[in-house]
Amino acid sequence: MTAAKPRASTIPGQRWILPLLLVTALLNLGLMIWGGWQTIWQQFRQIPIAFYPLSLLLMGLSYSLGFWRWHTYLQVLDHWLPVRSSLRIFLGSLALIASPGRAGESIKALWLRQQFGVSAARSLAGLFCERLCDLLAALLLVALGFSARLGTGFWWACLGLAIGLFLILSQPQRLQAWAKRFGGRSRRRKGLERLAHLLFSARRLLQPRFLAGGLLISLLTWAIEGVVLYGCFQVLQAEINLPTAIVIRAAVGLGGVLTLLPGGLGGAEAASISLALLYGADRDQAIAATVLLRLLTLWFPIAIGWVALHRQTCTLKSLALSSLPDTDADQSPKSPH
């Protein structure tokens, strides 16, 4: 009898990742062609070289805050990981942010279970709270920004929606009871029961102090990316102020999540161009700013993610090899005595 050889994890849905990135690249190229290749290229040529490292530095700050929240969530759930390993896992999951609703980041749960024995329920609970805070923060920013045009009633409606959503999610026992009472078909009931189980795992993170902290991190990350978008508008000489740029960035992110399209494909670009036009940019500026935004908020983290993904795969392979039994000792000839 020989021991089975441990295998390193594979990437879920890895066959559609590269085609999806190719389609996204072609869409952004199509935007430039539609807007007039030479005109858009002239827009890019007027951008100072210093803009790119400063923007990447701000994006790095945004993801540093996200990592700090993720690492803190794991500690709240009683999992104290080495910072370097935790960072590698966090960055490696960024390679999959182009998945629908960023669901590909759930690969963190697989890696944490394989490498540190962290239960999938707890790591998925942390990921769920991350996305929940991002969604609520974007909703509040968009409501605040659009209240000037749509009236304060829109703000209060969005605030009530956010509070109602929190009250529902903070009481998983009621959700479980609703699943049994109103679930109807078995598939729907199972879905509600799984959500309730996830919320039971996340109930510690849904406490007011942790939820408020996570929400603050989301507001800061949206604001930082809004500053990056504001920089895009400034170098393109579009007259859009900083608060408006933050609202546009949050609206683009919110639209990409709600459409459940891979990487917000199409929906994010349409929202960005439409809102930029609405707030005073011309078509060339809106298209160029959208392409820049996608370059900085999609392709930059994907590039970092693929580097970390390679490192994480190598780590898992080395762990798998180190767990193999010493076959040489087992096959050594035995003494006749």
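Predicted model: local features only at pLDDT ≥ 70, side-chain atom pairs only at ≥ 80, totals over all residues.
Residues are numbered from 1 along each chain as its sequence is written, and side-chain values use heavy atoms, with hydrogens and water left out.

**Around Thr315**

- Thr315 lies in helix α13; helices are DSSP runs of H or I with at least four residues, numbered from the N terminus.
- With a relative accessible area of 19%, Thr315 is buried (under 20%, using a 1.4 Å probe and protein chains only).
- Leaving aside residues up to four places away in sequence, Thr315 touches Arg88 and Gln115 (contact means heavy atoms within 4.5 Å).

**Helix α10**

- Helix α10 covers residues 208-235, and its 28 residues should span 40 Å at 1.5 Å a residue, which agrees with end C-alpha atoms 40 Å apart (the expected span is 1.5 Å times one less than the number of residues).

**Where α10 meets α13**

- The axes of α10 and α13 (residues 283-322) come within 9 Å and cross at roughly 145° (axes are lines fitted to C-alpha atoms over the stretch in contact, with angles from 0 to 180 degrees between N-to-C directions).
- On the α10 side, the contact is made by Glu225, Val228, Leu229, Cys232 and Phe233.
- On the α13 side, Ala289, Leu292, Leu293, Leu296 and Thr297 take part.

Conventions. Helix = DSSP H or I, 4+ residues; strand = E, 2+ residues; numbered from the N terminus. Buried < 20%, exposed > 50% of the residue type's maximum accessible area, 1.4 Å probe, protein only.
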